[in-house]
Structure formats: C-alpha cells, structure tokens
Amino acid sequence: ITMVSFSFKQRRFETLHTPALQWPTDRFKYVGYDPPASTGFNLEESTKGEEENAAKPFELDPYGCHSEILQNKRKGRNPFHRTAPYQLSCPEMKDLLSHCGPELISKDMVPWSGLQ
C-alpha cells in the first residue's frame, strides 16, 4: 500500500493504523506532501492539532470505538448515517471491521495474514 497525504499524518499511519490493521510494515509506504506556506498552510499548527486530536486518541483506542473525540469525528463525517456494506461484499474483512479492541486484532484474523 502506498498512501499519499499530509506529512504531519505520517507518524499516525505508520505507527498506529498500520499495526492496528496488522498490515506488514515493509509493505506500506507513506508519501508526505504539504501545501506551500503561501497558501496559508501552517505545518507547525497542523502537527500540533494532529497529535492532540488524532494521534493521542488513537494511541489509547486503536480502532476509534471508545474515544468520544473519535466517535464525534466519525459522526460528523457521516451526517446521513450511511453504512457501507463491506461486511457483505467482503466477508473476509468482517472480523477486522467489527473489532473494537482496545487490544490489537490477532494477525490470524485479517485476510492478509499470510503476507511476508
């Protein structure tokens, strides 16, 4: 998997989300990109907000099931309460999609467990 996003999110994806998915770290590449400062983008402020509002909550709640801040973010991003049918269209993902931790899901419960 190659992910392209803001550079300030890199730590969260590499050290929190990838392990939570039990995805092999050697099969994940993160490409960080930031808009130029001339656009008003402030990397320092964005990094601080990322740590407080995303990374720290995911450190305690890897799947975003129990943290109020993460639950509120999820609700805010889904105002029409839509649910994707991934558990039906990809039953191999059912265990992962329904796992809420706080412990990490077992490697043998993800479809890519055989990847080296």
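Analyst: A residue is called buried when its relative accessible area is under 20%, exposed when that area is over 50%, and partly exposed in between (1.4 Å probe, protein chains only). The model above is predicted, so local features need pLDDT of at least 70 and side-chain atom pairs count only at pLDDT 80 or more, while totals for chains, interfaces and linings use all residues. Residues are numbered from 1 along each chain as its sequence is written, and side-chain values use heavy atoms, with hydrogens and water left out.

User: By that scale, is Phe8 buried or exposed?

Analyst: Phe8 is buried, at a relative accessible area of 15%. Phe41 also counts as buried, at 18% relative accessibility, whereas Phe6 is partly exposed, with a relative accessible area of 31%.

User: How many aromatic pairs are there, and how is Phe6 placed against Phe41?

Analyst: Rings of Phe, Tyr and Trp (its six-membered ring) pair if their centres lie within 6.5 Å, and planes under 30 degrees apart count as stacked, over 60 as edge-to-face and the rest as tilted. By this rule there are 5 aromatic pairs. One of them joins Phe6 and Phe41, which are stacked with 5.7 Å from centre to centre and 10 degrees between the planes. Phe6 sits in the loop between strand 1 (2-5) and helix 1 (10-20), and Phe41 in the loop between strand 2 (29-32) and helix 2 (43-60), so this pair ties together parts that are 35 residues apart in sequence. Helices (H or I, at least four residues) and strands (E, at least two) are DSSP runs, numbered from the N terminus.

User: Why is the pair of Phe8 and Phe41 called stacked?

Analyst: The ring centres of Phe8 and Phe41 are 6.2 Å apart and their planes stand at 25 degrees, so the pair is stacked. Phe8 lies in the loop between strand 1 and helix 1, and Phe41 in the loop between strand 2 and helix 2, so here the parts tied together are 33 residues apart in sequence. Phe6, Phe8 and Phe41 form one aromatic cluster.

User: Which residues of helix 1 are buried, and what do they pack against?

Analyst: Arg12, Phe13, Leu16, His17, Thr18 and Ala20 are the buried residues of helix 1. They pack against strand 1, strand 2, helix 2 and helix 5 (94-98), where contact means heavy atoms within 4.5 Å. Leaving aside residues up to four places away in sequence, Ala20 touches Pro62, Tyr63, Leu96, Leu104 and Ile105. Just after helix 1, Gln22 takes a positive phi of about 60 degrees.
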